[in-house]
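Please look over the sequence and the model before reading on. The paragraphs below go through selected parts of the structure in turn.

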Amino acid sequence: MEQFVVEGGARLEGSVSVLGAKNAVLKHLVATLLAPGTHHITNVPGILDVEIMGQVLAHIGVECTFDGSAVTIEVPDDLVPETPIDLVRRMRASILVLGALLARTGVARVALPGGDDFGSRPIDIHLEGLEAMGAEFELVHGVLHASAPDGLTGAEVFFEFPSVGATENLLLAGVMAKGTTRIGNAAREPEIEDLSAFLSSMGASIEGAGTSTITIEGVPSLSPAVHRAVPDRLAAGTYLVGAAITGGEVTVRDCVPDHLRMELRKLADAGCEWDAGDDWVTVRGPERATPVDFATLPYPGFHTDMHPQMVALLSGASGTSVITENIYSARFRYVGELNRMGADVQIEGQHVIIRGVDRLSGCPVDACDIRAGAALVLAGMAADGYTTVVNVEHIDRGYDNFVEKLSGLGGQIRREVVDN
Ligand code: UD1
């Protein structure tokens with residue numbers, strides 16, 4: 001077991017680079033299933049979820065070779081169209097192999113997904129869309145048996161909610177389906193545009209990715225491609241909140257500031273100053289944050305995956321903030337941990353009420369998921385004394401060299417191996 005030990009009090013100063021987005025690279029890896037041959041993806045972060053997706057693909061018969069921030073993916077002609085329960089349980093994104101395997105082989109056996117514990121996370125929107133395209137499903141002992149007896153056919157689908165994963169699953173299924181697929185109320189995330197760019201470089205015909213209507217003309221086959229992943233806006237945003245919470249000044253390089261418009265706006269409302277160029281952004285934190293209210297929403301709204309970090313910041317603000325979580329029903333497990341550090345945060349239904357306190361105080365806390373873990377590390381940076389964060393494999397799932405990057409900014413943090 002490993003833990004992070006954080007000593008509070010240091011201001012984060014300097015610059016840090018981010019690599020490609022976890023939430024893009026995982027989908028690129030799955031997209032390679034659509035075309036036999038050798039693919040190359042660059043700007044790949046060294047994180048646990050990418051490793052797990054590599055294992056999912058290995059089970060399917062695909063070989064991933066990692067070399068620094070590049071990965072070469074060898075996709076054979078014949079695939080084993082199934083994913084094992086132990087890997088799917090660890091990572092919800094494994095459900096995306098469904099669309100790709102159905103498109104490539106006409107069948108798929110996928111254990112139902114696990115991943116972060118944010119309350120109920122159904123896949124009904126994925127299944128409804130794929131059914132409209134001719135897929136059939138049967139649940140057998142926790143494993144979804146999918147087939148498309150007559151192949152996948154293009155369809156008009158209108159999502160009840162702009163689900164990121166369902167939009168991606170339909171993109172993967174639609175690019176080689178017969179005819180036209182149109183997705184209405186599609187998710188508009190930059191990572192979806194990036195998946196579409198990768199699929200297009202493989203030969204797919206897609207219009208409207210990044211808008212709420214995506215039109216896909218199916219093509220008979222795709223070819224392997226080379227792609228550089230879009231920068232990770234969530235890693236970037238986390239380091240910027242690090243500047244805000246410590247009253248420091250951090251420049252994040254190799255990012256796309258435009259993908260963080262709403263988050264930067266809320267940081268400004270909290271008293272930060274910021275500057276940005278095409279591929280960098282600098283945030284200067286205030287001596288003490290001012291309270292702000294906001295709601296998490298699908299892109300371009302405030303990202304739910306930046307909510308815990310903002311709560312950590314606002315727990316030291318000079319008044320009361322209210323955050324409304326609209327994407328997940330139960331993304332609040334980190335609140336108890338923050339309160340143990342002296343924060344005054346209350347949950348009322350979907351609302352998080354944060355009464356700013358003068359100072360947090362370090363104590364042992366549990367990184368219950370990726371972003372909660374990052375938020376608790378940031379809270380520790382602003383707290384008195386030492387904060388020990390356990391279950392750091394959650395943080396390792398999503399942050400490339402987190403300890404090294406924070407240390408490079410002057411943060412007092414180290415990784416320790418502990419006996420059980
Ligand atoms: C992706 C991101 C995740 C991010 C989320 C929202 C990856 C690997 N993960 O997750 O980090 O927090 O987008 O930006 O890219 N829902 C249904 N039925 C469905 C599908 C989703 O009810 O069929 C619900 C979910 O339970 C959740 C909400 O819709 O409450 C959002 O889910 P979705 O947009 O699909 O997120 P993911 O793709 O799982």
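**A walk through the model**

Ser223 counts as partly exposed, at 41% relative accessibility; buried means under 20% relative accessible area, exposed over 50%, and partly exposed in between, with a 1.4 Å probe and protein chains only. This is a predicted model, in which local features need pLDDT of at least 70 and side-chain atom pairs count only at pLDDT 80 or more, while totals for chains, interfaces and linings use all residues. Residues are numbered from 1 along each chain as its sequence is written, and side-chain values use heavy atoms, with hydrogens and water left out.

Ser223 sits in the loop between strand 13 (213–217) and strand 14 (226–228). Helices (H or I, at least four residues) and strands (E, at least two) are DSSP runs numbered from the N terminus. Leaving aside residues up to four places away in sequence, Ser223 touches Ala35, His39 and Met202, where contact means heavy atoms within 4.5 Å. The C-alpha atoms of Ser223 and Val25 are separated by 18 Å, and the two residues are 198 residues apart along the chain.

Four strands form an open sheet in the order 2-15-17-16, with mixed pairing; two strands pair if DSSP finds at least two bridges between them. Strand 2 (13–17) and strand 16 (273–276) are the edge strands, each pairing on one side only. From one strand to the next, the twist averages 15°. Strand 15 (residues 249–253) and strand 17 (residues 280–284) pair in the antiparallel sense over five bridges. Arg253 has Trp280 in strand 17 as its bridge partner.

Helix 8 lies across strand 2, strand 15 and strand 17, and runs at about 165° to strand 15. Axes are lines fitted to C-alpha atoms, for helices over the stretch in contact, and angles run from 0 to 180 degrees between N-to-C directions. The axes of helix 8 (residues 233–246) and helix 10 come within 10 Å and cross at roughly 5°. Helix 8 is therefore roughly parallel to helix 10, a label for angles under 35 degrees. In this contact, Thr238, Val241, Ala244 and Ile245 of helix 8 meet Gln309, Met310, Ala312 and Leu313 of helix 10. The residues of the contact divide into six nonpolar, two polar and no charged; Ala, Val, Leu, Ile, Met, Phe, Trp, Tyr, Cys and Pro count as nonpolar, Asp, Glu, Lys and Arg as charged, and the others, Gly among them, as polar.

Asp305 is found in the loop between strand 18 (294–295) and helix 10 (307–314). Is Asp305 buried or exposed? Its relative accessible area is 10%, so Asp305 is buried. Among the residues that Asp305 touches are Asn23, Leu234 and Tyr328. The side chain of Asp305 also makes a polar contact with the side chain of Arg331 (2.7 Å). A polar contact is a pair of N or O atoms within 3.5 Å; within protein, one must be able to donate a hydrogen and the other to accept it, and residues adjacent in sequence count only if both atoms are side-chain atoms. Pro300 is placed in the loop between strand 18 and helix 10, and a cis peptide bond with omega of about 10° joins Tyr299 and Pro300.

Most residues other than glycine have a negative phi, and most peptide bonds are trans. Asp254, in the loop between strand 15 and helix 9 (261–269), is not a glycine but has a positive phi of about 60°.

Definitions and conventions
Parallel < 35°, antiparallel > 145°, perpendicular 65-115°, else oblique.
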